[in-house]
Amino acid sequence: MVKEIERAGIPVVHICTVTPISLTVGANRIVPAVAIPHPLGNPELSPGDEYELRRKLVDKALRALMTEVDDQTVFDS
Amino acid sequence: MSTYRIVHYINQFFGQIGGEEQAHIPAEKRPGPVGPGLAFKQHFGGEAEIVATIICGDSWFNENLDLAKKTVLEMVREEAPDLFIAGPAFNAGRYGVACGTISDAVKTELGIPSLTGMYEENPGADMFRTKVLTVATSNSAAGMRKAVPAMAKLALKLLKGERVGASAEDGYLPDGVRRNFFEKKRGSARAIDMLLKKLSDKPFETEYPMPSFDRVPPMPAIKDITRATIAIVTSGGIVPKGNPDHIESSSASKYGSYNIEGVNDLTSESYETAHGGYDPVYANKDADRVIPVDVLRQYEKEGKIGKLHNWFYTTVGNGTAVASAKKYADEIAEKLISHEVDAVILTST
């Protein structure tokens, strides 16, 4: 899906936990997520901390969308 | 005659520990065969035996790749087997990646021959088919009765040091290694057969498939995110409560488009997941954990992004055929373009 949407001309950032799959499938901008059943959350944190965690991941995703890439790139820092 | 020793790796489901709610369990080792191992036993005909079974949760393995690899390798090493078998994983993505990862590690790091089995569209197949012999299976566990004899046959060949045939003969996914054999018919006759089939629109199988390197060049970056419209797409199966379009929990036959105009936060009262391939507890409690509507809505208010697109698009990426996913994405892309969406955040579980 990532690839087909990007092929249609829209940049896509893929947020996912198992980044090797994303690389194999062919996503160009990849942001590693927290865990498979809760990629953008962590039920062990307080609601406030969990929101903060999600906010940081979204920031990273937006940063990835603003970054020019020539090749598949994992934004892990 | 001595009996060959085999260690078998399976996931929590085939280990009969539980479904997705148990996918987080770390690896454990049990003596003898478990689950599909019992079927293997019948096909080994006393020539080989499964001395131990390693059972591991799919999520645990994939979320802790390095630790999982180390833990399972140690368990295998202790048994000093003659062969390692993982799966078959059919079209279960995390299980396939786990089977590929661990068989490859056992082969390269312990020097023990290994073998796995999965469906050709399993992401683990693309990742590991050139590294580990991977028997081609159907896409669901209904194919166990075919997969086990094929894997057992290849296992015995590996154990006895017999020559492995070509992929088409021995039923594994092409691994990029050429193995010569004599065809019954000569090339010109086979080519004419194929041509006749092609001319009459009948299915035929090429002997030389062209490699497919389907890569899409990255689109240019968004220049000014504060003016961009961002849309959310997910394969995590988030749907309005009650799943109004009945998106299937696996092998989804459709996707949904749902309006989130005025929605600031996804709550357990109004949203849930339809996905059957991961433990739904966390997403059902707070679907923002899968699609970050709350944060993006807040950013829209703060002017950090131009706009959060009023619709999100969702399907269940659990055993869903690649061709289906492609079709849904084509349709979704058309809608995104007609709504002048600038960028997409796509989340997967």
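Predicted model: local features only at pLDDT ≥ 70, side-chain atom pairs only at ≥ 80, totals over all residues.
## Helix H4 of chain B

H4(B) is mostly covered, with 14 of its 18 residues buried.

## A sheet built from both chains

Seven strands form an open sheet with mixed pairing, in the order S3(A)-S2(A)-S1(A)-S12(B)-S7(B)-S11(B)-S9(B). Strand S3 (73–74) of chain A and strand S9 (256–259) of chain B stand at the edges; each has a single partner strand, so one side of each is left without a neighbour in the sheet. S9(B) runs antiparallel to strand S11 (residues 307–314) of chain B, and four bridges join them. B:Tyr258 has B:Phe312 as its bridge partner in S11(B).

Helix H3 (residues 47–66) of chain A packs on the sheet and touches S1 and S2 of chain A as well as S7 and S12 of chain B. The direction of H3 makes about 165 degrees with that of S2(A). Helix H11 (residues 322–338) of chain B also packs on the sheet, touching S7, S9, S11 and S12 of chain B. Its direction makes about 160 degrees with that of S11(B).

## Contact between the chains

Chain B has 56 residues in contact with 50 residues of chain A. The area buried between the two chains is about 4600 Å², and carbon and sulfur atoms give 68% of it.

Seven salt bridges are counted between chain B and chain A. B:Asp214 forms a salt bridge with A:Lys3, where the closest N and O atoms are 3.4 Å apart.

Terms used: Residues numbered from 1 in each chain as written. Chains lettered and ligands numbered in written order. Heavy atoms only, no water. Pairing = 2+ DSSP bridges. Helix = DSSP H or I, 4+ residues; strand = E, 2+ residues; numbered from the N terminus. Contact = heavy atoms within 4.5 Å. Axes fitted to C-alpha atoms, helices over the stretch in contact; angles between N-to-C directions. Buried < 20%, exposed > 50% of the residue type's maximum accessible area, 1.4 Å probe, protein only. Buried area = accessible area lost by both parts, 1.4 Å probe. Salt bridge = Lys/Arg side-chain N within 4 Å of Asp/Glu carboxyl O.
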